[in-house]
Structures are given as C-alpha cells and as structure tokens.
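Open your viewer and get ready to select things one by one. Each stop tells you what to pick and what is there.

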Amino acid sequence: MKLRQRFPAGADIEADALLAELTGEPDGGPLKVGDERIISFLTTFARKLLAPAVARRYPELASLGFFLRKAEIAKALARLSDGDASTLRFPRGLVFHIPPANVDTIFVYSWALSALAGNRNVVRISPRSAGAAEAVVDALNEALADAHPAVVQTQRMVTYDRDDAVTAAFSAASDLRVIWGGDRSVNEVRKLALAPHARDLTFPDRASFAVISVDGWQAASAEARKEAVVGFYNDSYWFDQAACSSPRVVFWVGDSDAAARGREEFRQLLAEVLAARGEVIEPAMAVQKRVSTYGAAADGLATSIRFDGNALATMELAEPTTLVREWLGTGTFPQVTVDRLADLVPAIQRKDQTLSVFGFSRDELVGLVKALAGRGIDRVVPFGSALTFSAIWDGFDLLHEFTRLTTVSV
Amino acid sequence: MTALFELSQAQREATLLPQLTELTEHHRAHCEPYERILGALGIERGRQFGAIADLPWLPVRMFKNHDLKSVPDDEVFKVLTSSGTTGSGASRIYLDKEAAGAQTRQLGATLQTVLGGKRLPMLMVDTVSIIKNRRSFSARGAGVLGMATFGRNHVYALDENDQPDVEAVKGFLAKHGNEPFLIFGFTFMVWLYLYEVAKEHNLDLSNGILIHSGGWKKLIDRAVDNTEFRRRFAEDTGLTRIHNYYGMIEQIGTVFLEGPSGNSLYCPDFADVVIRNPETWEEQPIGEPGVIEVISTLPRSYPGHVLLTEDLGVLHGIDDGDWPGKRFSVLGRLPRAEARGCSDTFSGGQAA
C-alpha cells in the first residue's frame with residue numbers, strides 16, 4: 001500500500017522505502033538529545049502557529065505554539081539533566097507514533113517532544129484528520145524552508161487508511177511505539193509485534209473529573225466564581241467533553257445545603273456563559289444526551305436528571321463511589337456532593353486521569369493525591385487548564401520516555 | 001371502509017389520552033427501569049397529563065442499550081431484534097402472547113383500509129431468499145415475512161441471486177393482473193426492480209395496490225421523491241393506488257399510512273404523532289420541521305407507547321386531508337452525534 005507523504009510533502013511511498021530513507025546518517029551527524037537543528041526547526045514552526053491568522057482560526061494551535069517556544073523547550077530540556085556525570089542520555093532511535101483521529105493536535109506534541117529528544121520519527125496522521133491538523137501540516141512544510149536538511153532526513157508524517165501490514169512494518173522497525181487513542185486502539189496495535197528490545201508507550205481511555213470545594217466556592221469573590229465557570233466551560237465544551245481530560249463527573253465537597261446553593265449558582269453562571277458563547281448543540285447530540293442520561297437513570301446510577309436547554313444536562317448520582325465514566329454527550333454532568341475530599345478516594349480508579357479543581361488549598365490536594373498513592377489521577381489542575389498539554393502526561397515524563405541512558409562508571 | 005382512520009384530532013386526544021396515561025402507569029408498575037427514568041425526570045406516579053404531547057417520551061435508541069419490558073420473563077413469547085440504521089447494537093422488543101397477537105391484528109386492520117377485507121394475490125418486490133435464511137434474519141426479512149400474511153399466492157420479483165425475475169412477474173400478472181392484487185416492497189427496491197422492469201417490459205400494474213416503506217435516501221441521486229415516484233408509476237405502469245408507510249420495530253404493529261391522494265402519512269385511530277422543535281422540544285406548528293415522536297396504544301408488553309424517533313418530519317395539516325387527524329411527512333434522519341475525542345484512532349466506520 002502507498003502512503004501519502006504529508007511531511008515533508010512528497011510523492012506517495014511504500015512503508016519499506018520510507019523506512020530505508022530514514023536509516024542513513026543525517027547531514028551533520030546523528031541527532032542528539034536537544035539537537036540545535038531540531039530546536040531551530042521547532043521554534044520556526046511555533047512562530048508559524050502563533051501567526052495571528054492561524055491562531056485566530058485554530059486557538060488550540062496557539063497553545064501548541066506556546067508549548068514549543070524556545071524558552072519552554074529549554075525548560076523541558078533542563079529537567080532532563082538530572083543524572084550524574086556517569087549517566088549519558090541518548091535518543092531511543094526510531095519512534096512510531098499512532099495518534100488519535102479526532103483530537104487534531106495531540107500528534108504534534110507527541111512528535112515534537114520525541115524529535116526534541118533526537119529521535120527519528122514516523123507519525124501516522126489519520127485520514128479523518130481535518131481542520132487544525134491540516135493547518136499543522138501546512139505550517140510544518142512552510143517551516144522546512146529554513147530548516148537544516150537533517151530534519152527531513154529524520155522526520156516523517158504519513159497518512160494511510162487502516163492497514164495492518166503497514167502498521168506492522170513500522171512497528172517492527174521501531175524502538176518505541178507511541179499509541180494514543182483509547183483501549184481498543186491500544187489492543188489492536190499491540191497485536192502487531194515490536195522488536196524484542198522495543199516497547200510501547202500507551203495512552204488508553206481515561207476519565208477525568210471536576211472537584212469544587214464548597215467552602216472555597218463560598219469564599220470566592222463573584223468575579224472568581226465567574227472566572228471558574230468560564231474555565232470549566234472551556235475544559236468541558238472545547239472537545240465536546242470527549243477528550244480524556246474533559247471533566248465528566250462534578251464533585252462538590254463540603255456541607256450539602258451549601259453545596260446545593262453553590263450548584264444552583266454554578267448552573268446559572270454556566271448557562272450564562274453558554275448563552276454568551278452561543279454554544280449550539282445539534283439535535284442529534286441533544287437526543288444522545290437524553291439517551292445516555294435516561295440510560296443512567298434506568299440503570300439506577302442517577303436519581304434525578306435535569307435539562308437546562310440542550311446545552312446543559314445535569315444529573316444526580318445515586319452513589320458517590322459509582323461514577324459514570326463514559327462519554328454521555330456534550331455538556332452532560334453527573335454531580336455528587338461528598339463531605340470530605342477523602343471521600344473521593346474509594347471512587348477513583350487506575351484509568352482516572354485529571355482532576356480539575358476549584359477552591360482547595362495545595363495541601364488538601366497533595367493530601368488527596370498521597371491518599372490515592374498513585375492508584376489513579378495523574379494530574380491535578382485548576383479550572384481552565386484541563387486540556388493544557390504538558391510534557392508530563394498520564395504519569396510519564398515524555399522526554400524521559402523518549403530517551404535512553406548509557407552509564408560509564410569507569 | 002376506513003374503520004381505523006376515523007377519529008378527528010379532538011376525538012383522538014379525548015380517546016387516547018386516558019389510555020396512554022393508563023399505559024404510562026402500567027409500564028411504571030411493571031418495568032422498573034422505565035419507572036426510574038420517569039422518577040429521575042421528576043414525574044410522580046399518578047400524574048395526569050393535559051394533552052398527548054405532554055406525555056413523557058423515551059428516545060427510541062433506549063431499546064438498543066436497555067432491556068425494557070413490562071412482562072415477567074416467563075411470559076415473553078417473542079423477542080424482536082433490529083439493528084436499524086443508527087449503528088451500534090440492536091433494539092430488543094419483548095412481546096408476550098397477547099402483544100404479539102395484537103400487533104398482527106392491528107396492522108391487518110390498518111392495512112384493510114386500503115386492501116379491503118379479502119386477502120389479495122401478492123407480488124413481493126424482494127428475493128425469496130430474504131425469508132428463507134432464517135438464521136440471519138434481517139429487519140428487511142422480518143418486514144417481508146410480517147407483510148406476507150396479508151396476501152396469498154405470493155410471487156417474488158427477484159430470484160435467489162437478487163436478479164429481477166421478469167418471467168415470474170409476467171406469470172403473476174397473467175394469472176392475477178385482472179383483479180386487485182397487492183404489491184409489497186421496500187421503496188428503493190420497488191423503484192429499482194419493479195418500476196424499471198415494468199416500464200421496460202410494458203407491464204400493466206393498474207389493478208395493483210402498492211404498499212411500500214423504507215425511505216427515499218437511496219433514491220435521492222436518481223432525483224426520485226414521493227411525487228415523482230407516484231407520477232411515473234401512474235404514467236408508465238398504470239399503478240395509482242400507492243401507499244407509503246412509516247413504522248418501526250420499536251412500535252411494531254403501528255404504521256402511519258399514506259392516504260389515497262399521496263404525500264401525507266396518516267395515523268391510525270390508536271396512534272398519533274407529535275413533531276417536536278429540536279431546541280425547545282415543544283410541539284412544532286404546521287409546516288415547521290422537527291423531530292418525530294410516535295405514539296401508539298399498542299405497546300403494552302414494553303414501554304414503547306410514546307417514542308421520540310431519530311427522524312425528522314413535518315406536519316402538513318390537521319383534519320384537512322384524505323382521512324381525519326394529523327397528516328405529516330418524513331424528511332429524513334437526524335445525523336448521528338459524533339464527538340471529537342481521544343479514544344478513537346481506529347474506531348468504527350472508517351475501516352476502509
């Protein structure tokens with residue numbers, strides 16, 4: 001099967017031919033961790049993403065642009081120099097990335113960090129990708145004009161329809177395979193063998209929650225509450241509430257009467273934001289929300305359901321420990337009030353990723369995370385930051401994962 | 001003759017509302033998941049409703065993900081399944097003996113309005129293999145088999161290899177073409193395998209009564225809509241008695257039938273329809289498209305008496321057509337809700 005070469009743009013190519021092209025030594029020698037040739041390319045690319053025309057059209061690309069600024073890159077690299085002089089860090093080799101189809105930009109983070117680590121990379125861009133992903137590919141190709149030849153000699157992005165033979169060829173050749181996109185994808189791709197020394201870095205299905213302190217809510221100014229709701233809106237509605245980090249269940253922690261008042265105010269503020277942003281929910285999505293909330297009620301998971309227009313559905317969970325983790329439709333929030341933050345502990349599972357929080361002290365949150373003891377929850381972030389990508393993701397420090405260590409103890 | 005299309009809208013409201021309210025209570029008492037849903041929506045037991053449109057509805061897709069039945073397990077006589085066209089999973093519809101009998105009886109009574117009291121010779125515009133292979137029983141097969149009981153001397157218009165069997169059709173017409181006969185098939189098959197063949201071979205279908213269903217989507221690229229369908233059948237084959245119908249397995253036995261003059265579907269006296277605004281979910285006025293809710297007093301063994309479909313439709317009028325009550329058209333399906341999410345590198349529908 002022929003692969004469509006997206007970056008660098010080029011004629012269709014077979015997988016084997018592409019792999020052969022990646023085996024030669026690049027001009028100027030093999031890539032190092034934090035290689036200047038790559039940094040220079042990434043920063044040029046970042047500038048293109050931050051260009052007003054691009055950033056206006058795809059705000060998510062502006063976030064990506066910020067992530068790849070020179071100072072940010074330097075910060076990420078600085079975290080790597082943690083070993084003593086006897087420990088030397090090198091790229092893993094060839095990294096094969098399989099990103100999800102629907103979150104347009106995650107493949108860029110995954111790839112950019114791996115390139116920064118000095119790896120040769122093959123990225124499969126889904127044939128269904130559109131919009132922002134296309135803009136990314138354009139920006140990458142434009143940035144090539146000033147790039148060192150080593151960039152095209154080591155970095156490739158291709159598009160192909162699902163084809164196990166191609167995926168198997170890339171898998172067999174790679175030193176590290178990065179699989180995004182949920183349990184099913186991970187299981188499917190894992191059937192294809194890696195070389196004995198190679199390994200997978202997987203990003204399976206995750207669930208995320210929002211947690212609000214009743215005391216914190218009461219103590220917050222009207223302005224701060226409004227800001228929190230805007231942040232919550234961004235976290236939830238940006239990716240149709242379907243991203244791994246989008247909050248699903250909303251916990252209120254504290255006195256239940258005060259929580260009831262807080263919830264009512266929160267709902268009103270959210271309705272105002274939805275109206276102000278002109279959030280439109282398609283009829284099919286509205287029906288989907290009915291199907292899933294009615295289903296939760298039918299199963300005894302929810303005791304009451306409320307619809308404030310098509311954009312906002314809330315339901316009361318019957319048990320604080322029986323959470324609804326699956327996607328219920330854009331703007332559908334199971335809610336539950338618990339007395340103490342510690343009450344979350346029995347509810348949390350390994351697959352739970354992000355807590356977006358409002359109104360807690362850092363000590364309270366560190367206490368919670370310690371009580372969880374690594375059993376679940378990989379990140380705790382303030383409202384409005386749930387979707388902000390970080391170089392530490394799902395519990396992995398990606399630059400560490402993308403590199404390997406050699407020790408010289410002589 | 002129109003024994004089941006007689007109630008004006010006011011009479012229908014007055015007759016059906018108490019029955020539907022009783023059915024709602026019946027299902028609450030006998031189907032726990034249904035009771036939980038209504039409870040969660042804040043609808044208390046014994047609630048009285050001001051109008052049929054005020055009754056709580058279930059999304060039809062609920063039957064794909066949940067076992068909703070109002071009869072004990074040991075009284076389940078038949079389980080109907082259909083994958084429909086909305087993708088994942090199949091609806092499961094539970095019938096006890098009484099419900100199974102009632103649905104056949106009421107469907108028969110509905111069709112009698114246009115077929116008359118006698119069983120007519122029947123031309124099936126489908127392949128005989130659709131009902132032969134019972135193990136892979138499809139919704140289409142179920143439809144064909146269900147309809148077959150309303151005719152006699154069945155002849156299939158397609159052979160076992162899905163090829164038009166012109167000789168079979170000619171033979172049928174030679175035998176039965178001079179008396180009223182029944183034609184049944186899915187809309188696109190009727191067009192592709194009966195209209196085209198009849199036109200090519202100058203077949204006379206003027207004594208036929210065509211009952212068809214299934215939607216126009218597959219005929220859009222041929223620029224055939226209901227009006228064109230009726231016009232060309234009349235001009236080229238003499239067939240004028242054409243009745244499209246709308247129905248679904250989740251309300252088995254209830255069909256909304258096109259009137260003699262065409263282009264409007266009517267509700268039998270035990271059924272009704274509400275077109276809802278997809279933003280407010282209020283009832284739409286005449287002429288405003290919306291989501292179709294179908295209402296029937298038939299479903300007693302499962303809570304399917306008030307269902308929100310995933311079809312779009314429009315009301316054309318009330319008490320002003322061939323038959324009394326509301327008249328409407330189906331405009332197509334709601335597009336499927338898709339989310340942008342992390343978890344679908346290789347998920348369904350894009351395997352190609």
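The tour goes from the whole chain to a sheet, then to helices.

**Before you start**

This is a predicted model, in which local features need pLDDT of at least 70, side-chain atom pairs count only at pLDDT 80 or more, and totals for chains, interfaces and linings use all residues. Residues are numbered from 1 along each chain as its sequence is written, chains are lettered from A and ligands numbered from 1 in the order in which they are written, and side-chain values use heavy atoms, with hydrogens and water left out.

**Stop 1: the whole chain**

Select chain A. It has 16 helices and 18 strands. These are DSSP runs numbered from the N terminus: helices are H or I with at least four residues, strands are E with at least two. The C-alpha atoms fill a box of roughly 65 × 55 × 45 Å along the principal axes. Of the 410 residues, 58% count as buried (under 20% relative accessible area, with a 1.4 Å probe and protein chains only).

**Stop 2: the sheet**

Now show the strands β2-β1-β6-β5-β4-β7-β8 of chain A, in that order: they form an open sheet of 7 strands with mixed pairing. Two strands pair if DSSP finds at least two bridges between them. Which strands stand at the edges? They are β2 (10-14) and β8 (199-203) of chain A; each has a single partner strand, so one side of each is left without a neighbour in the sheet. The twist averages 25° from one strand to the next (axes are lines fitted to C-alpha atoms, for helices over the stretch in contact, and angles run from 0 to 180 degrees between N-to-C directions).

Zoom in on β1 (residues 2-7) and β6 (residues 155-159) of chain A. They pair in the antiparallel sense over 3 bridges. Find A:F7; opposite stands A:M157 in β6(A).

**Stop 3: helices on the sheet**

Contact means heavy atoms within 4.5 Å.

Next, pick helix α6 (residues 106-116) of chain A. It lies across β4, β5, β6 and β7 (176-180) of chain A, at about 170° to β5(A).

**Stop 4: a helix pair**

Select α12 (residues 222-237) and α13 (residues 256-277) of chain A. They pack at an angle of about 65°, with axes 9 Å apart. Residues that meet include A:F232 and A:Y233 in α12(A), and A:F266 and A:L269 in α13(A).

Technical notes:
Buried means under 20% relative accessible area, exposed over 50%, partly exposed in between (1.4 Å probe, protein chains only).
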